[in-house]
Amino acid sequence: MRTSKINKGVMMAFMAIGLFLLVPLMGQVESGKTKVPRNVILMIGDGMGVSQLSAAYYFGEEKKKEQEPSFSRFSYIGLARTSSGSEPVTQSPAAATAIATGYKTYNMAVGVDLDTVVRENIVELLSKQGFMTGVIATSHITDATPAGFYAHQPERYMQKEIAQDLLKSEIDFFAGGGFSYFLDTTGHNGFEEHGIQVDFSKLKKIRKPEPGERYGFLLAAERMPTMREGRKDFLSKSTSIAVDFLSTGESGYFLMVEGSQIDWAGHGNNVQYMITEVNDFEQTVGHVLDYADKNGETLVIVTADHETGGFTLGAAGNNNDDTADYTIIEPTFATTNHSAALVPVLAYGPGAENFIGIYENTEIFHKLVSLLISK
Ligand code: MG
Ligand code: ZN
């Protein structure tokens, strides 16, 4: 009897709270329908956990420190769980597959599920709806992260097969390194047969594209150079060229932009390498947000496939032997592997409010699909 009395009291309380909540909520549903973006720019910092992102707030060129990193411009923030379908610590192929197809898979899989069954990715889904699509990477374009958005192979190192998948895919624009993977034994590449115009020397604006034309920029035989080797503004410039080109379609576009080498710096436990790669990515994010502000119809998502290196920004010295120095940040790594830390999801523009919370990385796919695919 006592319990039922308590339950009644609890229920009354909930009903009272419910009435309070219901009134404003109903107003919201009526007045503010979820805005639907026309375009999506999905930016993936490979290996960019919260500490890597934080590094942009403390390190970088002097002139840049005067203004807040572009990450501060996002108001809808979430965290994603990254474990793959088979291992708690994911690798990039499984993470890219999760984000691109909504399926958790084994760590080495690209675009196939746990049973190696091909799963449709967001590029394929959106292409059917008339979207134009593109992928950009600062590694080779056949590397796991971009490959997740166009390829279906059981193993990430099948680079030649992944290259063939890109030729046959719906991708309208690509930029990165890796032209060697497109060459057959006679040194021939298949771009012309697939109607793709590829520039191997430098980025340049695409003038007056005809409907159906596809373009690529492959500026290295394998990976692109690091920032310290002189990659310069490749990432932001190729993104801007892609946006101009993809905007010529009748429907919207989907563009994946990867800061690939944040991960490699993490594996190498190389702080300076990591900071220069994070800063390049952060600056590209800034340019994309400037564009999104002007355009008004573009949803920008910034996330990572996983964290790399167990990176931290601890105070220098050692608390236990009284040498701690809280005036100095001493960036350190805990591992040369990926970690299972949750990764940031920053969202900006129409539909961004859907990306708050803590959820599986596969939800990024589902959230995008429910925003973009007309029922
Ligand atoms: Mg990658
Ligand atoms: Zn990695």
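1. Angles under 35 degrees between two axes count as roughly parallel, over 145 as roughly antiparallel, 65 to 115 as roughly perpendicular, and the rest as oblique. The axes here are lines fitted to C-alpha atoms, for helices over the stretch in contact, and angles run from 0 to 180 degrees between N-to-C directions. Helix α8 (residues 234-246) and helix α10 (residues 271-295) pack at an angle of about 30°, with their axes 9 Å apart, and α8 and α10 are therefore roughly parallel to each other.

2. Please keep in mind that this is a predicted model, in which local features need pLDDT of at least 70 and side-chain atom pairs count only at pLDDT 80 or more, whereas totals for chains, interfaces and linings use all residues. Residues are numbered from 1 along each chain as its sequence is written, chains are lettered from A and ligands numbered from 1 in the order in which they are written, and side-chain values use heavy atoms, with hydrogens and water left out. Helices (H or I, at least four residues) and strands (E, at least two) are DSSP runs, numbered from the N terminus.

3. In the contact between the two helices (heavy atoms within 4.5 Å), L235, S236, T239 and V243 of α8 meet D280, F281, T284, H287, V288 and Y291 of α10. By class, this contact has five nonpolar, four polar and one charged residues, where Ala, Val, Leu, Ile, Met, Phe, Trp, Tyr, Cys and Pro count as nonpolar, Asp, Glu, Lys and Arg as charged, and the others, Gly among them, as polar.

4. D46 sits in the loop between β1 (39-45) and α2 (50-55), while T145 belongs to helix α6 (residues 144-147), so that the pair links distant parts of the chain, 99 residues apart.

5. Buried means under 20% relative accessible area, exposed over 50%, and partly exposed in between (1.4 Å probe, protein chains only). D46 is buried, with a relative accessible area of 3%, and T145 counts as buried at 2% relative accessibility.

6. K208, in the loop between β5 and β6, has a positive phi near 40°, and K232, in the loop between β6 and α8, has a positive phi of about 55°. K208 counts as exposed at 79% relative accessibility, and K232 at 61%.
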